[in-house]
Amino acid sequence: NRFDGHREVADVVYHRDGGDGYLEAYTNFSHTKRHLQAQRPQFGDPTTFLDWTDDSYFWQIGVRGEQEFEFAGVPNTAYAGLRFHREWLPNYKIESMPFGGGPSTTTRDSEFETNTLAFHIDDTIHPTEKLAIQAGVRLEWIPTSEGSDDIIPFDFEEEFFVALPGG
């Protein structure tokens with residue numbers, strides 16, 4: 001088996017302290033290129049040589065913050081954030097070749113894309129010095145989740161929304 005690949009990553013964060021909290025804006029991006037060659041089966045005499053290649057991309061942008069305050073004389077710390085996230089795999093390909101030689105066969109030729117919008121808010125309440133209670137909610141909306149492969153074949157397109165308890 002042999003693996004070649006590389007990954008590029010960029011990350012930018014702006015942080016600002018203010019009063020009893022902070023505010024951050026951030027973005028990041030990554031690109032991963034992979035190339036894997038493997039024989040099958042893994043044990044015993046090989047019959048097939050597989051050649052995987054793919055590129056994957058990830059990008060997000062968002063804001064998040066924290067604010068400390070008192071409510072009814074009880075210390076609280078509120079956290080909140082909003083994020084857009086995009087992940088896409090424009091090509092994922094597997095070629096299968098007989099181990100002794102001969103023509104190759106494409107067994108997978110896929111592409112995927114997912115976009116997500118997320119929001120969260122939670123509160124940490126400190127009723128006593130040794131007790132902390134956390135409560136919150138996270139909303140996830142995936143307006144785009146789609147992919148296809150003409151070889152297998154499959155084709156999907158989904159929209160998804162969920163509210164999750166936080167804490």
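**Exercise 1. Find which ring the charged end of arginine 64 sits over, then look for another arginine placed over a ring.**

Solution. Keep in mind that you're working with a predicted model.
- Step one: go to arginine 64 and follow the side chain out to its charged end, which sits over the ring of tyrosine 26, 4.1 Å from the ring's centre.
- Step two: jump to arginine 86, which lies over the face of tryptophan 88, at 4.1 Å from the ring centre.
- Trp88 forms one aromatic cluster with Phe29 and Tyr57.

**Exercise 2. Work out how strands β1 and β2 run relative to each other, and how many bridges join them.**

Solution. 
- Step three: pick a spot along the pair. Opposite glutamate 8 you'll find histidine 31 of β2.
- Step four: look at the turn. The hairpin has 2 residues between the strands, and glycine 19 takes a positive phi near 60 degrees there.

**Exercise 3. Count the aromatic pairs in the whole structure, then classify those that phenylalanine 112 makes with phenylalanine 154 and phenylalanine 156.**

Solution. 
- Step one: searching the whole structure turns up 6 aromatic pairs.
- Step two: take phenylalanine 112 with phenylalanine 154.
- Phenylalanine 112 is in strand β5 and phenylalanine 154 in strand β7 (residues 154-166), 42 residues apart.
- Phenylalanine 112 is partly exposed at 31% relative accessible area, phenylalanine 154 is partly exposed at 26%, and phenylalanine 156 is partly exposed at 28%.

**Exercise 4. Say which strand gives the largest share of the nonpolar patch.**

Solution. 
- Step one: find the patch, about 760 Å² of surface made by Leu23, Val63, Leu82, Leu117, Phe119, Ile121, Val137, Trp141 and Phe161.
- Step two: sort by strand. β5 (105-128) and β6 (131-149) each supply at least two residues.
- Step three: β5 takes it, with 3 residues.
- Step four: zoom in on leucine 117, which lies in β5. This leucine 117 has 35% relative accessibility, so it counts as partly exposed.

Notes: Residues numbered from 1 in each chain as written. Predicted model: local features only at pLDDT ≥ 70, side-chain atom pairs only at ≥ 80, totals over all residues. Heavy atoms only, no water. Pairing = 2+ DSSP bridges. Helix = DSSP H or I, 4+ residues; strand = E, 2+ residues; numbered from the N terminus. Patch = residues over 30% accessible without salt bridge, like charges linked within 9 Å, V, L, I, M, F, W, Y side chains within 5 Å. Areas by Shrake-Rupley, 256 points an atom, 1.4 Å probe, with all protein chains shown as cover. Salt bridge = Lys/Arg side-chain N within 4 Å of Asp/Glu carboxyl O. Buried < 20%, exposed > 50% of the residue type's maximum accessible area, 1.4 Å probe, protein only. Phe/Tyr/Trp six-rings, centres within 6.5 Å; stacked < 30°, edge-to-face > 60°. Lys NZ or Arg CZ within 6 Å of the ring centre and 35° of its normal.
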